[in-house]
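I am opening a notebook on a structure that is new to me, and I will write down what I looked up, entry by entry.

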Amino acid sequence: MGMIDISEKEVTQREAIVEARIFLKAKLIELIKKGKIPKGNVLEAAKLAGIIAAKKTSELIPLCHPIPIEYVHIDFQLGKNQIKVTTIVRGNAKTGVEMEAFVATTTACLTIYDMCKGLDRDIVISQIKLMRKTGGKSGAYARK
């Protein structure tokens, strides 16, 4: 076990997009939209938590390289009984930014759960997946 040696790799522009879904009761989605959750603005808190988490990924995942993050964007699409969370992470590095995008996305979902759990214990976080990545020797990947 050990960290992968990336010392000989070239720095390239990297991007990763990760998506997840968090399922909640329709009533709870309406409370989020109206800003009526007792802990405060759910989506703003989740966005900030996700951005902070992306920047701390190498502190959380033992063999993950610390890399410069140049852009993190987290988007929320509210449906009737779910929120789709999509994160884009970019940076110029010797290794990809997929882990940063995964950590940001899941942390945003966990923040939504934390802020809403007092009103709904049946919340489900699922379908966390890499949608696209670019950069590096292995090239581009896009989920079909």
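**Entry 1: a lysine in a strand**

I began with lysine 84, which counts as buried because its relative accessibility is 18%, under the 20% cut-off. I note here that the model is a predicted one. Lysine 84 has its place in strand β3. Setting aside neighbours within four places in sequence, I found lysine 84 in contact with Glu19, Ala20, Arg21, Asp75, Phe76 and Gln77.

**Entry 2: threonine 86**

I then turned to threonine 86, which also lies in strand β3. Is threonine 86 buried or exposed? I looked up its relative accessible area, which is 17%, so threonine 86 is buried. With neighbours within four places in sequence again left aside, the contacts of threonine 86 are Ile17, Val18, Glu19, His73, Ile74 and Asp75.

**Entry 3: the sheet**

I followed β3 towards each of its partners. Strand β1, residues 12-23, pairs in the antiparallel sense with strand β3, residues 82-93, and I read twelve bridges between them; alanine 20 stands opposite valine 85 of β3. Towards β2, the pairing with β3 is antiparallel and consists of eight bridges, and leucine 78 has isoleucine 83 in β3 as its bridge partner. I also noted that β2 and β3 form a hairpin, with three residues between them.

**Entry 4: helix α2 and its surroundings**

How do α2 and α4 cross? The axes of α2 and of helix α4, residues 98-116, come within 7 Å and cross at roughly 145°, and the crossing is right-handed. From α2, the residues that meet α4 include Val42, Leu43, Ala45 and Ala46, while those of α4 that meet α2 include Glu100, Val103, Ala104 and Thr107. Sorted by class, the residues in this contact of α2 with α4 are 13 nonpolar, three polar and one charged.

**Entry 5: asparagine 41**

I looked up asparagine 41, which is found in the loop between α1, residues 26-33, and α2. Its relative accessible area is 48%, so asparagine 41 is partly exposed. A polar atom of the asparagine 41 side chain lies 3.3 Å from the backbone nitrogen of leucine 43, and the side chain of asparagine 41 also reaches the backbone nitrogen of glutamate 44, at 3.0 Å.

**Entry 6: glutamine 127**

My last entry concerns glutamine 127, found in strand β4, residues 124-134. What is the phi of glutamine 127? Phi is near 55°, which is a positive value in a residue other than glycine. I noted this angle because most residues other than glycine have a negative phi. With a relative accessible area of 40%, glutamine 127 is partly exposed.

How values were computed:
Residues numbered from 1 in each chain as written. Predicted model: local features only at pLDDT ≥ 70, side-chain atom pairs only at ≥ 80, totals over all residues. Heavy atoms only, no water. Pairing = 2+ DSSP bridges. Helix = DSSP H or I, 4+ residues; strand = E, 2+ residues; numbered from the N terminus. Buried < 20%, exposed > 50% of the residue type's maximum accessible area, 1.4 Å probe, protein only. Polar contact = N/O pair within 3.5 Å; in protein donor to acceptor, adjacent residues only side chain to side chain. Axes fitted to C-alpha atoms, helices over the stretch in contact; angles between N-to-C directions. Left-handed = near helix turned anticlockwise from the far one by under 90°. Contact = heavy atoms within 4.5 Å. Nonpolar A, V, L, I, M, F, W, Y, C, P; charged D, E, K, R; others polar.
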